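Welcome, and please have your viewer ready. We will go from stop to stop, selecting residues as we go.

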Amino acid sequence: MASILETARAAGCFATLLTAVEVAGLTAALDSPGPFTVFAPVDDAFAALPAGTVQTLVDNPPQLARILKYHVLSGAHSRADLIGQAEWPSLEGAPVPIRRSEPFEVKNATVVSADVVCDNGVVHVLDRVILPG
């Protein structure tokens, strides 16, 4: 089995996320044993952000790291675990709301693929970038 980052690289649809993780200095953390639950926006999710947003974040690594940490929970949580409660604390500190009925949603994003199990956690693929607050 592969790590979260190895799985993301192999999938081919997370180039923006992987670059953001590197720029924010979070690669070593996400390559660690964890476990983590990662809500991973696909490239199209980043492309749907307002023009210039991604570049602005790349130019501000602390802010980028904050947003990325909002996409990560401590521990490996499956969809079945997540829908068991209305919100979960992110590594950023703000709670991440979970829709507990269909469709399976995290904050304002739909989970397009749930329960991608990795060596160091679980990935849930999102169709949108989620923001704290």
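Start by selecting Arg-79, which is partly exposed at 26% relative accessibility (buried means under 20% relative accessible area, exposed over 50%, and partly exposed in between, with a 1.4 Å probe and protein chains only). Before moving on, note that this is a predicted model, in which local features need pLDDT of at least 70 and side-chain atom pairs count only at pLDDT 80 or more, while totals for chains, interfaces and linings use all residues. Residues are numbered from 1 along each chain as its sequence is written, and side-chain values use heavy atoms, with hydrogens and water left out.

Arg-79 and Glu-102 form a salt bridge, with 2.2 Å between the closest N and O atoms (a salt bridge is a side-chain nitrogen of Lys or Arg within 4 Å of a carboxyl oxygen of Asp or Glu). This pair links distant parts of the chain: Arg-79 sits in helix H7 (residues 79–82), and Glu-102 lies 23 residues away in the loop between S4 and strand S5 (105–106). Helices (H or I, at least four residues) and strands (E, at least two) are DSSP runs numbered from the N terminus. Glu-102 is exposed, at 55% relative accessible area.

Next, select Arg-66 and Glu-92. Their salt bridge has its closest N and O atoms 2.9 Å apart. Here too the pair links distant parts of the chain, 26 residues apart: Arg-66 belongs to helix H6 (residues 61–70), Glu-92 to the loop between strand S3 (87–89) and strand S4 (95–97). Arg-66 is partly exposed at 36% relative accessibility, and Glu-92 is partly exposed at 22%.

For the next pair, pick Arg-99 and Glu-105. This salt bridge has 3.5 Å between the closest N and O atoms. Is Glu-105 buried or exposed? Glu-105 is buried, with a relative accessible area of 18%, whereas Arg-99 is partly exposed at 35%. How many salt bridges does a search of the whole structure find? The search finds 3.

Finally, zoom out and colour by secondary structure. Along its principal axes, the C-alpha trace spans about 35 × 30 × 25 Å. Colour by accessibility, too: of the 133 residues, 41% count as buried.
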